[in-house]
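Please read the following report alongside the sequence and the model. It takes up the residue classes, the pockets, the metal site and the nonpolar core in turn.

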Amino acid sequence: MSLKSTSRRYGSVAVSIHWISALIIVLLIGSGLRADGAADAAARIIPLRIHIALGLTVLVLTLARIAWWLFADNKPTSVPAPRWQSRLSGAVHVLFYVVILGMTASGIGMLFLSGAAPLIFEGTAANLPDFDLYPPRRAHGFGARLMIALFVLHTGAALYHHFLKKDGLMQRMWFTRDRP
Ligand code: HEM
């Protein structure tokens with residue numbers, strides 16, 4: 001399997017970034033909800049540390065992914081589909097980028113405005129701020145719900161192609177060998 005994509009399938013760089021990002025986003029949603037619902041500051045600090053480290057990792061991966069598509073690789077040819085499906089899937093893909101960048105910007109904004117980063121990584125849990133007092137928190141909460149909706153739509157579409165249409169769309173985004 002080559003590093004770059006071909007007209008029929010994604011290359012190993014795109015496939016790796018895709019699946020690592022998907023796993024991190026699931027962990028981000030879990031750790032974010034866990035921090036938000038924590039009963040006290042002590043229970044909040046560990047999920048928050050994990051959440052922030054993963055959030056910054058997904059930001060780096062997303063910027064790398066954008067640079068990869070812009071400067072190094074071309075996407076495979078789209079599979080034939082009704083116009084509305086192609087439009088919807090294109091919109092979901094663009095929205096993923098917008099929401100990931102918006103979530104990381106609002107996350108960094110919350111830390112910056114509240115000055116919480118040193119408290120989260122060096123200090124005690126007792127003085128953690130209430131993030132609801134800072135405007136980016138609302139955008140982050142809204143983005144989280146949008147992200148869950150996109151995730152459900154995107155996964156639903158992939159499963160529909162794999163199990164009902166059986167058109168090999170999922171195999172294009174996996175580490176399978178190139179057929180000779
Ligand atoms: C794609 C990236 C991200 C996703 C999917 C994500 C997801 C979430 C979710 C689901 C919540 C809970 C929202 C709620 O219940 O209303 C949350 C809260 C939060 N996130 Fe993120 N997040 C991301 C990136 C980041 C980054 C990069 C940072 C910081 C640098 C960050 C900092 C926070 C903070 C401080 C909270 C509030 C936790 C609390 O209220 O105790 N997030 N995030």
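## Residue classes and basis

In the counts below, Ala, Val, Leu, Ile, Met, Phe, Trp, Tyr, Cys and Pro are taken as nonpolar, Asp, Glu, Lys and Arg as charged, and the others, Gly among them, as polar. By this division, the lining of the second largest pocket comprises 18 nonpolar, seven polar and six charged residues.

The model is predicted, and local features need pLDDT of at least 70, side-chain atom pairs count only at pLDDT 80 or more, and totals for chains, interfaces and linings use all residues. Residues are numbered from 1 along each chain as its sequence is written, and side-chain values use heavy atoms, with hydrogens and water left out.

## The iron site

The iron atom of the ligand has His51 (NE2) and His140 (NE2) as its protein donors, lying 2.0 Å from it (donors are N, O and S atoms within 2.8 Å of the metal, or 3.2 Å for Na, K and Ca). The six donor atoms around this iron atom subtend angles of 87 to 179°, and the arrangement is therefore octahedral (six donors, with opposite ones over 155 degrees apart and all others between 65 and 115). Because His51 belongs to helix 2 (residues 41-71) and His140 to helix 5 (residues 136-165), the pair ties together parts that are 89 residues apart in sequence (helices are DSSP runs of H or I, at least four residues, numbered from the N terminus).

Both His51 and His140 are buried (under 20% relative accessible area with a 1.4 Å probe, protein chains only).

## The two pockets

A pocket is an open set of points on a 1 Å grid over the protein atoms alone, where a 1.4 Å probe fits and protein lies on both sides within 12 Å along at least five of seven lines; lining residues have an atom within 4 Å of a point. The largest pocket has a volume of about 1300 Å³ (the space filled by probe spheres set on the points). Its lining numbers 42 residues, of which Ser89, His93, His154, Ala157 and Leu169 are the closest to its centre. Helix 3 (83-114) gives the most to this lining, with twelve residues.

The second largest pocket holds about 730 Å³ of space. Among its 31 lining residues, those closest to the centre are Gly32, His51, Met103, Met110 and His140.

## The nonpolar core

The largest nonpolar core has 14 residues, with Ile24, Val58 and Met147 making the most contacts inside it (a core joins buried Ala, Val, Leu, Ile, Met, Phe, Trp, Tyr and Cys residues through side-chain atoms within 4.5 Å). Helix 3 supplies the largest share of this core, five residues.

Key
Tetrahedral: all angles 85-135°; square planar, octahedral: opposite > 155°, others 65-115°. Helix = DSSP H or I, 4+ residues; strand = E, 2+ residues; numbered from the N terminus. Buried < 20%, exposed > 50% of the residue type's maximum accessible area, 1.4 Å probe, protein only.
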